[in-house]
Amino acid sequence: MHQPQVLQIGPLSERFNSALAAAYAVTPRWLQADPQALLREQGERFELLVTSARFGCAAAQLARLPNLKAICSFGVGRKVSGKRLGRIGEAVVRRASGFGMPVRYHNRTPLADCPHAYEASLAALRELDNLVLLPPIGSASEETRLQMEQLLLANLQAFVEQGQVLTPV
């Protein structure tokens, strides 16, 4: 079976880093002598990207990853207020818009003055191509971090085996 190449943008816990390296062919970007050269010269070989809210992935980095099929992130919290998508949601929208990606969102009710397309259900969002979801973090407890690490690994495994993550956003 083909083992996809994983680009890890920044370190997570030592436990997670070890588990990821044991399961996949991982290139830790932060350990490269010249991370820009890595992407410029070898960016086409990466199919999966692992990151977190702390490290993200800049548009310039994504542009150097033409064969990227999935981005799996150590979840970030997001709050959708009555008028906005929240600080993190708006940052994600700004980056996605830079690639000409259409933006849709789900909330209990449509947001007033929101220029993006509203979907009445999460099921409707799941029907979209090229869907990116960010699972929330409930707390910074060790137990929650462990569960998020396990979910991130499970999403990677599901994508490799079935072509779809368990928790698409």
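Figure 1. Read along the sequence, the elements follow the pattern β-α-β-α-β-α-β-α-β-β-α-α. That gives six helices and six strands. The model is predicted. The protein chain has 169 residues, and 35% of them are buried. Among contacts with a separation of 6 or more, 47% join residues 24 or more positions apart. The chain exposes about 10,200 Å², with carbon and sulfur atoms supplying 52% of that area.

**Figure 2. Strand S3 and its pairing partners.** S3 spans residues 46–52. Seven of its seven residues are buried, so the strand is largely enclosed by the rest of the structure. S1 pairs with S3 in the parallel sense, over four bridges. Leu 7 stands opposite Leu 49 of S3. S4 also runs parallel to S3, joined to it by five bridges. Here Val 50 has Cys 72 of S4 as its bridge partner.

**Figure 3. Ser 52 in strand S3.** Ser 52 belongs to S3. Its relative accessibility is 7%, so Ser 52 counts as buried. Leaving aside residues up to four places away in sequence, Ser 52 touches Leu 12, Ser 73 and Phe 74.

**Figure 4. The buried side of helix H1.** H1 covers residues 14–23, and its buried residues are Phe 16, Asn 17 and Leu 20. They fall on the same side of H1 because they cover an arc of only 100° around the axis. An α-helix has 3.6 residues a turn, so residues three or four places apart point the same way. The face turned away from the buried side carries the exposed residues Glu 14 and Ala 22. Cover for the buried residues of H1 includes strands S1 (5–8), S2 (25–28) and S3 (46–52), along with helix H6 (142–162).

**Figure 5. The largest nonpolar core.** This core holds 14 residues. Those with the most contacts inside it are Leu 20, Leu 48, Val 50, Leu 152 and Leu 156. H1, S3, S4 (70–74) and H6 each give two or more residues to the core. H6 supplies the largest share, four residues. Val 50 touches Val 6, Leu 7, Gln 8, Ile 9, Leu 12, Phe 16, Leu 20, Cys 72, Leu 152 and Leu 156, not counting residues up to four places away in sequence.

**Figure 6. A second core, and helix H2.** A separate core of eight residues includes Leu 38, Leu 39, Phe 46 and Leu 49. Helix H2 (residues 35–42) has Pro 35, Ala 37, Leu 38 and Leu 39 as its buried residues. These pack against S1, S2, S3 and helix H3 (59–63).

**Figure 7. Pro 66 in the loop between H3 and S4.** Pro 66 lies in this loop. It is exposed, with a relative accessible area of 58%. Pro 66 touches Gly 43 and Glu 44, not counting residues up to four places away in sequence.

Figure 8. The structure has four salt bridges. In one of them, the side chains of Arg 15 and Glu 149 meet at 2.7 Å, N to O. Arg 15 lies in H1 and Glu 149 in H6, so the pair ties together parts 134 residues apart in sequence. Arg 15 is partly exposed, at 38% relative accessible area. Glu 149 counts as buried, at 6%.

**Figure 9. Salt bridge between Lys 69 and Glu 47.** The side chains meet at 3.2 Å, N to O. Lys 69 lies in the loop between H3 and S4, and Glu 47 in S3, so the pair ties together parts 22 residues apart in sequence. Lys 69 is exposed, with a relative accessible area of 53%. Glu 47 is buried, with 13%.

Figure 10. Glu 119 forms a salt bridge with Arg 104, and their closest N and O atoms are 3.1 Å apart. The pair links distant parts of the chain: Glu 119 in S6 (residues 117–119) and Arg 104 in S5 (residues 104–106), 15 residues apart. Glu 119 counts as buried, at 16% relative accessibility. Arg 104 is partly exposed, with a relative accessible area of 41%. Elsewhere, salt bridges that share partners join Arg 15, Glu 142 and Glu 149 into one network.

Methods:
Residues are numbered from 1 along each chain as its sequence is written. This is a predicted model: local features need pLDDT of at least 70, side-chain atom pairs count only at pLDDT 80 or more; totals for chains, interfaces and linings use all residues. Side-chain values use heavy atoms; hydrogens and water are left out. Buried means under 20% relative accessible area, exposed over 50%, partly exposed in between (1.4 Å probe, protein chains only). The arc is that of the directions from the helix axis to the C-beta atoms. Contact means heavy atoms within 4.5 Å. A nonpolar core is a set of buried Ala, Val, Leu, Ile, Met, Phe, Trp, Tyr and Cys residues joined through side-chain atoms within 4.5 Å. Two strands pair if DSSP finds at least two bridges between them. Accessible areas come from the Shrake-Rupley method with a 1.4 Å probe; for residues, only the protein chains shown count as cover.
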